Amino acid sequence: MKRRNIFSSELKESVVRAFDLPPDLAFGSVLVSVTGQNELFIENYRGILEYKDEHIRVQAKDCRILIVGKRLKIEYYTNEEMKIEGLIEQIIYEN
């Protein structure tokens, strides 16, 4: 049996705005934080799709994120976040 969502997306957005909640927390949106050119944090991701020295592709809720660079490595990851280190040259959001 399919479960119906009792909140419409418009109502949910209104509640988030009214209570001034962070969108990443309320909607489970991906959050990407970059520190300089050598460190990147991704929160609320779904999975690691591809992991190579020159690029890492990550699945988020609504998109895929491609990190391009040199000597990239995943320093650590949990169910909620990951830290990527290396020379980060590009961050590309794919549909």
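This is a predicted model: local features need pLDDT of at least 70, side-chain atom pairs count only at pLDDT 80 or more; totals for chains, interfaces and linings use all residues.
A residue counts as buried when its relative accessible area is under 20%, as exposed when that area is over 50%, and as partly exposed in between.

The largest nonpolar core holds 14 residues, and I42, V58, I67, M82 and I84 touch the most other members. Strands β2 (39–43), β4 (55–60), β5 (64–77) and β6 (81–94) each supply at least two residues of this core. The greatest contribution comes from β5, with 4 residues. Leaving aside residues up to four places away in sequence, I42 touches V58, I67, M82 and I84, together with V30, L31, V32, E80 and E81.

Side chains of opposite charge can pair when their charged atoms come close. In the whole structure, 6 salt bridges are found. R57 takes part in a salt bridge with E50, where the closest N and O atoms are 2.5 Å apart. Because its relative accessibility is 25%, E50 counts as partly exposed. R57 also forms a salt bridge with E94, with 3.1 Å between the closest N and O atoms. This pair links distant parts of the chain, since R57 lies in strand β4 and E94 in strand β6, 37 residues apart. E94 has a relative accessible area of 22% and is therefore partly exposed.

Another salt bridge joins E85 and K83, whose closest N and O atoms are 3.0 Å apart. K83 has a relative accessibility of 15%, so this residue counts as buried. Through salt bridges that share partners, E39, K83 and E85 form one network.

Conventions. Residues are numbered from 1 along each chain as its sequence is written. Side-chain values use heavy atoms; hydrogens and water are left out. A nonpolar core is a set of buried Ala, Val, Leu, Ile, Met, Phe, Trp, Tyr and Cys residues joined through side-chain atoms within 4.5 Å. Buried means under 20% relative accessible area, exposed over 50%, partly exposed in between (1.4 Å probe, protein chains only). Contact means heavy atoms within 4.5 Å. A salt bridge is a side-chain nitrogen of Lys or Arg within 4 Å of a carboxyl oxygen of Asp or Glu.
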